[in-house]
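Good morning, colleagues. Please bring up the sequence and the structure, and keep both in view while I speak.

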Amino acid sequence: FPSLIPQSKIEHESQSRLRSSDSFSHSLQMTPSPSRKTNFAKWVSTTVMIVVIIGFIIFIVNQFFATQFQDTVEQGIVVPPTKPTATPPGEHIQDPNFIAGREAYLQENYEEVLQLMNLVIEADDSLAPAYWHRGMAHFYINEDYESGLANMQQALALDPNYALGYADRGLMYFRLGQTELAFQDWEKALELDPTLAKVHHNMGGLYRRSDELYKAIEHLTIALSIDPSRANTWGFRGIVYRDIGNLARCIEDTTKAVELDPDNFLAYGIRGECRKFEANDYHGAISDLEIYLANEKNDLLAWFHYAHSLHLTGNYELALANYDKVRELDPNDYQAYINKAAIYLELEENELALDYTNQAIAIADIPLAYYHRGEALRRLDRREEAASNLRYAIELLPNYGEAYHLLSTIYGQQGDMENLEETLEIAFTFKSQLSDRKISDLYLLQGFAESQSEDYE
């Protein structure tokens, strides 16, 4: 913030010059009076207070406008782009080879594009759109980004206002890992032609990479306002909505994506994940994830969500098989071991549950693994070991209400009234974490503890 303190130094100096009989001069600086010191201190205090108040007001205003911006963007409201000022992308060129090359490009026949644009450039090397088409052909034929970049450079040397040149030179830079140069080119492309939907899409990607998610949504929304038929952009905006936690909008956008392009399997995968968390629509999640995983077989997180959705619908056999798929992709995915243990506890196969919790704990110290191991040990009547595991789970996660509940149960089974009363007191502070059944358990244990105390009075 601009400083309210004057920039010039404030000096309080007074000199009294005394001359001695031998003509030596002495300059004495006078000490400010106590009242002047007090006034200066008050001035500093007041100034600091004013700066703090102004800073706070500016902060509140900025927060207000930032919130308004986020709400506006999240609702999909953006300012429509202005008209382009860029050079048209080649409609004026009458060379038959160029016209045929443009048509081949629209048909995605990139080998033919390359051949025809070579002929165009041999006849006239001053046509920027010919270099653009040749550069894109290199890009698509064999991902030759260097050749693509060289052609874009030539196109822009011939026409510095060629928006598509900046748009796709930025794409080459991005593929070569030079994201800052890509960003600069895409900004220039949008300055020349704000209606380039694909550039808004790409800017959304860059902003997501830098975790500026609302800016990403803003650009993606502009892209969709320009061209609502962009299935990939609907799907990508759905991903960003998932990132900010707006799962309902994630489902809406990915649904639109698959309506426009039924083969957009990534959109199915994202929608499946959002369905699982937003509406507990586990069957819908399973259906979507099956479509996605039929096309993308190595997505560890998708396999986990698929297995977990099966788990939550009670399809334990398929869930166990798919947790094994997760373990196959990553043998150190401890969550798959923990969830397998949870299923075996449901099936009352306690030795298997104990085995999988042991494997999870061998990978990482996870409170949930110690909790499940404690439950498996309790069921196997190894209560001291069970209590030890639960105490360690609480040590790792001090507000672990479920662990306090189970530890209270074990102390009750052991008849350890002193530890039971102490643990119950803590467990009740975490009631909000517990199911109604477990809260009821705590009251029963409390009644049991009170009855035992009365017996000894």
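Let me begin with a definition: a residue is called buried under 20% relative accessible area, exposed over 50%, and partly exposed in between, using a 1.4 Å probe and protein chains only. The model before you is predicted, so local features need pLDDT of at least 70 and side-chain atom pairs count only at pLDDT 80 or more, while totals for chains, interfaces and linings use all residues. Residues are numbered from 1 along each chain as its sequence is written, and side-chain values use heavy atoms, with hydrogens and water left out.

First, the overall picture. The chain has 22 helices and two strands; helices are DSSP runs of H or I with at least four residues, strands are E runs of at least two, and both are numbered from the N terminus. Of the 457 residues in the chain, 42% are buried. Contact here means heavy atoms within 4.5 Å. Among contacts in the chain with a separation of 6 or more, 50% are between residues 24 or more positions apart.

I turn to helix α3, residues 110-123. Its 14 residues reach 20 Å from the first C-alpha to the last, close to the 20 Å expected at 1.5 Å a residue. The expected span is defined as 1.5 Å times one less than the number of residues in the helix. Which residues of α3 are buried? They are Y110, V113, L114, L116, M117, V120 and I121. An α-helix has 3.6 residues a turn, so residues three or four places apart point the same way. The buried residues of α3 pack against α2 (96-106) and α4 (128-142).

E143 has a positive phi of about 55 degrees, although it is not a glycine. Most residues other than glycine have a negative phi. With a relative accessible area of 53%, E143 is exposed. D211, also not a glycine, has a positive phi of about 65 degrees. D211 belongs to the loop between α8 (197-209) and α9 (213-226), and at 60% relative accessibility D211 counts as exposed.

Next, the disulfide, defined as a pair of cysteine sulfur atoms within 2.5 Å. By this rule the count comes to one. Which cysteines are joined? The link runs from C250 to C274, with an S to S distance of 2.2 Å. C250 lies in helix α11 (residues 247-260) and C274 in helix α12 (residues 265-278), so the pair ties together parts that are 24 residues apart in sequence. The link is right-handed, with 85 degrees about the S-S bond. Both C250 and C274 are buried.

Now to helices α13 (residues 282-295) and α14 (residues 300-312), which pack at an angle of about 145 degrees with their axes 9 Å apart. Axes are lines fitted to C-alpha atoms, for helices over the stretch in contact, and angles run from 0 to 180 degrees between N-to-C directions. The crossing of α13 and α14 is left-handed, a term that applies if the near helix is turned anticlockwise from the far one by less than a right angle; clockwise would be right-handed. On the α13 side, Y282, A285, I286, L289, E290, Y292 and L293 take part, and they meet A302, W303, H305, Y306, S309, L310 and L312 of α14. By class, this contact of α13 with α14 has 11 nonpolar, two polar and one charged residues. Ala, Val, Leu, Ile, Met, Phe, Trp, Tyr, Cys and Pro count as nonpolar, Asp, Glu, Lys and Arg as charged, and the others, Gly among them, as polar.

The buried residues of α14 include F304, A307 and H311. As a group, the buried residues of α14 pack against α12, α13, α15 (316-329) and α16 (334-346).

Within α15 we find Y323, which counts as buried at 0% relative accessibility. Leaving aside neighbours within four places in sequence, Y323 is in contact with F304, A307, H308, H311, A336, N339, K340 and I343. The C-alpha atoms of Y323 and W303, 20 residues apart along the chain, are separated by 7.6 Å.

Finally, the loop between α15 and α16 holds D330. Is D330 buried or partly exposed? At 25% relative accessibility, D330 counts as partly exposed.
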